[in-house]
Amino acid sequence: MTRRTGMRPLRIAMIGQKGIPARYGGVETHVEAVSTRLVERGHDVWAFCRSRLRPGTNGEALPEGYHVNGGAPVYRGVRLVYRPSLYTKHTDAATHAALCALEASCAHGFDIVHLHGIGPASCAPLAGLFGRSVVSTFHALDWRQVKWGDRARSMLHRGEAMGAKHSDAVIAVSRLMQGHVLNTHGVTATYIPNGAEPRATAPDAGLVADWGLRPGGYILTVGRIIPDRELHTLIEAFNQLPSTLRLVIVGSETPRTAYSGSLERAAGERVLFTGDVFGERLQALYGHALFYVLASRVEGLPITVCEAMAHGKALVLSDIPENVEVGGDAARYFRCGDVNALLSALGELSSDAGTRAALGAVAERRCRETYNWDLITDQIEGVYYRVISGGA
């Protein structure tokens, strides 16, 4: 990939992610995918990360691609800047984003400060305090999540409003979010979705054999274990599926609550909880699944669905607007929360190889043509150059 002809390289600060390489969620996956591609185009990208999550802190092996260059940690060309936060449920992200936004506003000579998430977007006035150009990406309307109380929801609403009002450009990862920003704040956000990297072949099947799995012998779902994912609905439906297939649930709940325990008690012997999985082992789980399912009640624009499409997998998705947008004609949909409707969809795709193949072909094409990190990086780079040139 090359930078746009005739355009100078930019120094860009990424703020709002916990850290990269991506080990935490969709925002981190997005930031890693875009940042590393921007570096390949000649840009100087700095990712601000939380100090407590620095690789090697607890003696674990360093990730592939991570090294220290002259005292500065670097991951695949992206400079990693570790800063502290006040580590509680309600202050971790906010305090880290504020500290990093202040630093980025007055040091290092950034051309662009890119804030990720509606919470960190509240720091847009701070990030632009000394004339920096500020871009905010709204990844999800987080105030919809059940884990937040009234006070936290109010703060997230306020952050969203501050980001919309004080950013030089706002990016929305879904059409639903783009419409929300316009209708609620009167701001025209640029629509740039999440994505994945199209995969020509699946990784070595031996990578899934470690769990006792065989290619095509399981249904896959990936994501944080939280009530919004409706995993209780998925497990209840799957337990009634007359099949030898297994259900593989990838992800964890941090901190762990009673919800994880309730899922484990409800799960039958065909349900496998892998915990968090990353890298090629995760790609192998996608690549060798029979099909992919996501039962969520709340999403931004789910990267896990994009990843499944990158492997040409048919989809079973709840009928929330975000899932319908990304899945298009590559999915069978069911009414969110409806166990019987989900069971019917699982049964259809489990037994109909022709339908799986047809939906999988559509999925692969959608990823290649729309939900593709290379194309997405093109669009984000275009927003940066428009902003620094004074365009709206």
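At what angle do helix α4 and helix α5 pack, and how far apart are their axes? The angle is about 85°, and the axes lie 11 Å apart. This is a predicted model.

**Helix pair α4 and α5**

- Two packed helices are described by the angle between their axes and the distance between the axes.
- Helix α4 covers residues 150-166, and helix α5 covers residues 175-185.
- At about 85°, α4 is roughly perpendicular to α5, because angles of 65 to 115 degrees count as roughly perpendicular.
- From α4, the contact uses Glu160, Ala161 and Ala164.
- From α5, His180, Thr184 and His185 meet them.
- By type, the contact residues comprise two nonpolar, three polar and one charged.

**The six-stranded sheet**

- Six strands form an open sheet with parallel pairing.
- Their order is β12-β11-β10-β13-β14-β15.
- Which strands stand at the edges? They are β12 (271-275) and β15 (331-334).
- Each edge strand has a single partner, so one side of each is left without a neighbour in the sheet.
- From one strand to the next, the twist averages 25°.
- Strand β13 (residues 291-294) runs parallel to strand β14 (residues 315-318), and three bridges join them.
- Within this pair, Val293 stands opposite Val316 in β14.

**Helices on the sheet**

- Helix α7 (residues 231-239) packs on the sheet.
- Helix α7 touches β10, β11, β12 and β13.
- The direction of α7 makes about 165° with that of β11.
- Helix α10 (residues 303-310) lies across β10, β13 and β14.
- Helix α10 runs at about 170° to β13.

**The cavity**

- Rolling a probe the size of a water molecule over the atoms shows where empty space is left.
- How many cavities of 30 Å³ or more does the structure hold? It holds one.
- The largest cavity has about 30 Å³ of space.
- Its lining consists of Thr221, Val222, Gly223, Arg224, Arg229, Leu231, Ile249 and Val250.
- Two elements give two or more residues to this lining: β10 (218-222) and β11 (246-250).
- The lining residues divide into four nonpolar, two polar and two charged.
- Strands β10 and β11 also belong to the six-stranded sheet, and helix α7 touches both.

Notes
Residues numbered from 1 in each chain as written. Predicted model: local features only at pLDDT ≥ 70, side-chain atom pairs only at ≥ 80, totals over all residues. Heavy atoms only, no water. 1 Å grid on protein atoms, 1.4 Å probe; cavity = no way out; pocket = protein on both sides within 12 Å on 5 of 7 lines; lining within 4 Å. Points joined across faces, edges and corners; volume = space filled by probe spheres on them. Helix = DSSP H or I, 4+ residues; strand = E, 2+ residues; numbered from the N terminus. Nonpolar A, V, L, I, M, F, W, Y, C, P; charged D, E, K, R; others polar. Axes fitted to C-alpha atoms, helices over the stretch in contact; angles between N-to-C directions. Parallel < 35°, antiparallel > 145°, perpendicular 65-115°, else oblique. Contact = heavy atoms within 4.5 Å. Pairing = 2+ DSSP bridges.
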